[in-house]
Amino acid sequence: MSNHYLPAGILLSTILILLLSIALKRSHIHAFLITGVGLIGACLVQVSLIEAPATSELLFIFTPVNALVSAGLLVILVFLWSQLYHWLDKSDNTNEEYYLLLLTASLGAVSMIASQHFASFFLALELMSLSFVGLIAYSNNNPNSQEAGIKYLVLSAGASALILMGIALIYLQTGSLTFDAVSTNKLQHLASSPLNLTTSGMIFILTGLCFKLSLVPCHLWVADIFEGAPLPTTALLAIVSKLSAFIVLWRMFSYGEWQTDSTILDVIALVAVASMLIGNLLALQQDRLLRILAFSSISHFGYLLIMLLLLEGNASLLNDISFNLEAMVFYLLAYMITLTGTFSVLMQLENTTSIKQLSGLFWRQPLQATCLSVLMLSLAGIPLTIGFMGKFYLVAAAISGQLWWPMSFLVIASVIGLYFYLRIIMIMLAKTESASVPCKLDIREKVTSWVIIITVIGVGTFPSVFADMLEAVTH
């Protein structure tokens, strides 16, 4: 067996050990420690595989890019895990099964990232999606959580049905379930077939993945789910689910050569522009933090869709075609790191749901307010933050590919987004009568805040270390 299966094997073994531990004796601290050992072990092994040679099998493909993205995902999961114990310990629910669902969702996401076959992709997708249904509806004493879980179950089932229909059409046309079957069989089948079932199948799959990524027009669910789910679940849904779904979409384009179909390119371009504008315009109207983050995530993945339009590379002004892949991975990881930090701060600010509750936060909790301000500036793409470098890469790639009209909408959407991000910072700086006495933070919260600030500003100020690593794995 290839060493590339070790991270998934460690996660699977951890799930089985945790199941046995829960069956023998319920203990929150035991479940927390077992989960942590499994995640850290899988993370360390995945990091060691980044420089391993690429290998391809029937169901999975293992490349340095896959290893880097999976390692980044596992690092984020370890960071979120480190804060789960204190958050869950304050709830009235049984906590052990939460870690079990977290591990199964992680296993599904890691498997999706490495998939190059529709069978492995769909099984991993369902493993992750069903885990999220339980995670979203986990809070027994919150009716909004139960409602959000049912909504996600129904809508996720609909999206899965669309994806399955698309897979069936592609299989009918090509006779294969591999991602590259479209590119290898498309021309010869289209020459003899009056019906273009391949393009229809692509559109079905694209529609289902638009739901997973909450892209326009499949975006209406995201705000209700973000608000109704427990906060750690919202963080996992925004990071784990969307990261793995986008990597799968990118692989279908790069390996299946979907970018050669003009109809698919037109659909992607329209979805990208609509997501950029509508996501930010909807976020402008919100006063609740999670709804702002939900709608802004629509626009950020709209920005990322531009990278799918650059896969052709024929009109690139740069001789280095791999720069587009480097830009995509940099922006994706930069956004995920910033989002992880944002949810970590919100988990520390208990019961803070409205931006009005942040009024005067700088005077009550200056370190957390500073940390949240840095994160908002990063999401807005302000210089000296990791978000700015991600957007710089994105714009540079769009210019090199001469995608002038999508880039113009990206600039307009970014200016719109600047307003509601800066609005949050200004509210935190406002003076209030109850904001005179600073609150003390424990050492865990201080360390977490400083790690976030140093990471976001450090990579934004000195991006060469991160960029050199990306350049090494993408070439």
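Which helix gives the most to the lining of the second largest pocket? I began my notebook with this question, and I found that helix 3 does, with 6 residues.

**Entry 1: ground rules**

I noted that this is a predicted model, in which local features need pLDDT of at least 70 and side-chain atom pairs count only at pLDDT 80 or more, while totals for chains, interfaces and linings use all residues. I also wrote down that residues are numbered from 1 along each chain as its sequence is written, and that side-chain values use heavy atoms, with hydrogens and water left out.

**Entry 2: the second largest pocket**

I looked up the volume of the second largest pocket, which is about 510 Å³. For the terms, I noted that a pocket is an open set of points on a 1 Å grid over the protein atoms alone, with protein on both sides within 12 Å along at least five of seven lines, that a cavity is a set of points where a 1.4 Å probe fits but cannot get out, and that lining residues have an atom within 4 Å of a point. Grid points are joined across faces, edges and corners, and a volume is the space filled by probe spheres set on the points.

The second largest pocket has 23 lining residues, and Gly72, Val75, Ile76, Ile337 and Thr455 lie nearest its centre. Two or more lining residues come from each of helix 3, helix 13 (322-348), helix 18 (443-461) and helix 19 (464-474); here helices (H or I, at least four residues) and strands (E, at least two) are DSSP runs, numbered from the N terminus. I sorted this lining by class and found 19 nonpolar, 4 polar and no charged residues, where Ala, Val, Leu, Ile, Met, Phe, Trp, Tyr, Cys and Pro count as nonpolar, Asp, Glu, Lys and Arg as charged, and the others, Gly among them, as polar.

**Entry 3: the largest pocket**

The largest pocket holds about 810 Å³ of space. I counted 30 residues in its lining, and the closest to the centre are Trp87, Asn142, Ala229, Pro230 and Leu231. Helix 3 (64-89), helix 6 (143-174) and helix 9 (222-228) each supply at least two residues of this lining, and the largest share, 4 residues, comes from helix 6. By class, I found 11 nonpolar, 11 polar and 8 charged residues in the lining of the largest pocket.

**Entry 4: cavities**

How many cavities of 30 Å³ or more does a search of the whole structure find? I noted 7, and the largest cavity has about 90 Å³ of space. Its lining consists of Gln83, His86, Trp87, Lys90, Met347, Gln348, Glu350, Arg444 and Glu445. Helix 3, helix 13 and helix 18 give two or more residues each to this lining, with helix 3 giving the most, 3 residues. I divided the lining of the largest cavity by class into 2 nonpolar, 3 polar and 4 charged residues.

**Entry 5: helix pairs**

I looked at helix 15 (residues 366-380) and helix 17 (residues 404-429), which pack at an angle of about 170° with their axes 9 Å apart. Axes are lines fitted to C-alpha atoms, for helices over the stretch in contact, and angles run from 0 to 180 degrees between N-to-C directions. Helix 15 and helix 17 are therefore roughly antiparallel, a word used for angles over 145 degrees, whereas those under 35 count as roughly parallel, 65 to 115 as roughly perpendicular and the rest as oblique. The contact of helix 15 with helix 17 has 12 nonpolar, 1 polar and no charged residues, contact meaning heavy atoms within 4.5 Å.

Next I took helix 8 (residues 197-212) and helix 10 (residues 231-256), which pack at about 155° with axes 9 Å apart, and this makes helix 8 roughly antiparallel to helix 10. Ile205, Leu206, Leu209 and Lys212 of helix 8 make the contact with Ser241, Lys242, Ala245, Leu249 and Met252 of helix 10. I sorted the residues of this contact into 6 nonpolar, 1 polar and 2 charged.

**Entry 6: a loop**

I then turned to the loop between helix 8 and helix 9, where Pro217 lies. The peptide bond from Val216 to Pro217 is cis, with omega near 10°. Ser214 is found in the loop between helix 8 and helix 9 as well, and I noted that Ser214 has a positive phi of about 50° although it is not a glycine.
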